[in-house]
Every structure is written in C-alpha cells, then in structure tokens.
Amino acid sequence: MQETEDNYVGFGLFFFLIVLIILVCSMLMFLSVRNKKQEKSINDTNEVMVSDKNKKDKSKDFIYFTDEETISEELNLIYKMPIINLNSEEVNYINEEIKTYANQIKGTLEKGQTENCSSNEEDTISKTDYLDYAVYTYQEYVTLLIRESSYSCQNGFSSSSKIRAYTFDVLSGKRLSFDTLLSKYDTTLTEVLEQIRSNLNREQIVIEGIPNIKIEETINDLKSQETYVIYIDEFGDLILNYVVKTTSLDYNDTITINRK
C-alpha cells in the first residue's frame with residue numbers, strides 16, 4: 001500500500017515537473033516573440049528610408065568631399081570641397097555656389113612676415129578665413145553644415161562663425177526650405193524667437209550694472225537678417241544656430257526644436 005502511494009506521489013511530482021517545464025518554455029517563447037516584435041517596431045520606426053535612385057554617382061555617399069589640402073597641420077586647417085551627390089538642377093546650382101564660395105575663402109589665405117606675430121617664417125600663416133564641415137543624416141534627410149571662421153596670428157581664432165546649412169530630402173532630391181522645415185516640426189518663427197528670448201533671459205549676466213547679452217538686438221537681427229540657419233541633425237531634431245550679440249564678443253548658440 002505504501003509503495004502504491006509512493007508511486008502516486010512520484011507520478012504526481014513528475015507530472016507537475018512536466019507541466020512546469022511546458023509553462024516555462026511557453027513563457028520564454030512568448031517573451032522571445034514579443035521582443036522580436038518590439039525590435040521590429042523600433043527598427044521600422046528608425047529605418048533610414050533612402051534610395052540611390054537620386055544619386056548622381058551611386059558609388060559615393062549623398063555628400064562627399066574632394067580636393068583635400070592641408071593648409072596647416074599645426075592649426076588643423078584643411079581645405080576640401082564638399083559635393084552634394086543628388087541629381088537635380090537645383091543641386092547642380094548649389095554645388096557651383098558652394099565651389100565659388102569655398103574658392104573665395106581659400107583666396108583669403110596670407111602667409112609671411114606680419115607685425116605682432118610670434119613667428120617671422122615665410123611659410124607662417126598670418127591670417128585666413130577657413131571652412132569647417134559637418135554632415136548629418138537622419139532617415140531620408142541629409143544635411144551639409146558649413147561653418148566659416150577666421151584666424152590671424154595676432155588674434156587667434158574667431159569666437160563667432162558664419163553658418164550655412166543645406167538640408168535635402170534624398171527621396172525627392174530637393175532642398176528643404178526654411179518655412180518647410182518649420183512646418184514639418186509644427187512650429188513658427190515667432191515661437192522659435194520666443195524660445196530664444198527665454199533662453200537669453202535665463203543666460204543673461206550683468207557686468208558692472210550693464211547686461212552682457214544684447215537680447216533685443218539679437219532678436220531684431222534674427223527678424224531682419226539671415227543671422228541664423230536651420231537644419232535637421234543626426235537625431236532627427238530641428239536645430240537653429242544663431243549669433244548672440246553681446247557687449248564684448250559675439251558668439252554662436254543653438255536651440256533644439258523637438259517634434260510636437
């Protein structure tokens with residue numbers, strides 16, 4: 001009798017163990033499928049929907065560089081020519097515009113002896129303007145950012161820069177205008193200016209009773225002149241770069257405009 005009861009208990013434990021294994025396996029399979037679905041959903045959301053059909057040269061990136069020339073290794077000044085690799089008349093015009101602009105900047109290079117410079121070697125750079133570049137890609141958008149700065153052996157590097165930005169939809173091959181970019185992010189220039197005003201008020205400092213940041217002058221320049229650029233960065237945020245006017249040295253600042 002005792003042996004029969006032991007057999008029942010052993011069978012019950014064995015059956016319970018089988019059921020437990022099945023439940024654990026089912027749960028693991030469920031979690032695996034759910035994770036795969038979540039990963040697929042994330043990948044579908046962030047997938048870069050780009051096509052090579054609008055590339056002029058399909059063997060190269062949407063933006064690439066040619067004619068690289070080191071002006072100064074010590075100062076890390078490098079000349080290179082950006083090429084927007086999209087097949088459209090608008091892009092052809094922009095490429096020519098950038099080429100002319102870059103050549104003009106290169107033409108500002110001066111070498112040789114200059115007063116108030118620590119070196120009098122003939123190959124020393126006395127002054128020059130120069131360009132830095134950044135390329136951002138997000139989904140079907142690609143941006144070329146061009147930053148123009150200046151250098152002199154007397155004053156060093158400038159604290160503020162002139163910025164140009166070109167954002168393209170690679171599916172259509174078209175450049176996105178300022179108004180189009182604002183519209184895509186459901187905002188207006190008025191709202192952006194108010195955000196800038198709030199930032200400047202928060203960052204304001206008073207030196208000897210005089211406010212350092214010229215808030216109204218900065219805002220008025222933004223309203224009346226192209227002292228700012230707007231573009232989509234690699235995270236999909238809309239970035240506005242602008243010049244802050246101060247009582248000392250003007251400088252560049254940025255704000256991030258997230259999708260609403």
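User: Hi! Of the contacts in the protein chain with a separation of 6 or more, what share comes from residues 24 or more positions apart?
Analyst: Hello! In this predicted model, such residues account for 51% of those contacts.

User: And how many helices and strands are there in the chain?
Analyst: The protein chain has five helices and 13 strands.

User: What percentage of the residues is buried?
Analyst: Of the 260 residues, 35% are buried. The accessible surface comes to about 16,600 Å², and 51% of that belongs to carbon and sulfur atoms.

User: Let's look at helices. At what angle do H4 and H5 cross?
Analyst: Helix H4 (residues 189–203) and helix H5 (residues 215–224) cross at roughly 160°, with their axes coming within 10 Å. Because angles over 145 degrees count that way, H4 is roughly antiparallel to H5. The crossing is right-handed.

User: Which residues of H4 make the contact?
Analyst: On H4 they are Leu-193, Ile-196, Arg-197, Leu-200 and Asn-201. Their partners on H5 include Ile-215, Ile-219 and Leu-222. By class, the contact has six nonpolar, two polar and three charged residues.

User: New topic: what is the phi of Asp-186?
Analyst: Asp-186 has a positive phi of about 50°, although it is not a glycine. Most residues other than glycine have a negative phi. You'll find Asp-186 in the loop between helix H3 (178–184) and H4, and it is partly exposed at 48% relative accessibility.

User: What about Glu-208, buried or exposed?
Analyst: Glu-208 is exposed, with a relative accessible area of 79%. Its phi is also positive, near 55°, and Glu-208 sits in the loop between strand S9 (206–207) and strand S10 (210–211).

Definitions and conventions:
Residues numbered from 1 in each chain as written. Predicted model: local features only at pLDDT ≥ 70, side-chain atom pairs only at ≥ 80, totals over all residues. Heavy atoms only, no water. Helix = DSSP H or I, 4+ residues; strand = E, 2+ residues; numbered from the N terminus. Buried < 20%, exposed > 50% of the residue type's maximum accessible area, 1.4 Å probe, protein only. Contact = heavy atoms within 4.5 Å. Areas by Shrake-Rupley, 256 points an atom, 1.4 Å probe, with all protein chains shown as cover. Axes fitted to C-alpha atoms, helices over the stretch in contact; angles between N-to-C directions. Parallel < 35°, antiparallel > 145°, perpendicular 65-115°, else oblique. Left-handed = near helix turned anticlockwise from the far one by under 90°. Nonpolar A, V, L, I, M, F, W, Y, C, P; charged D, E, K, R; others polar.
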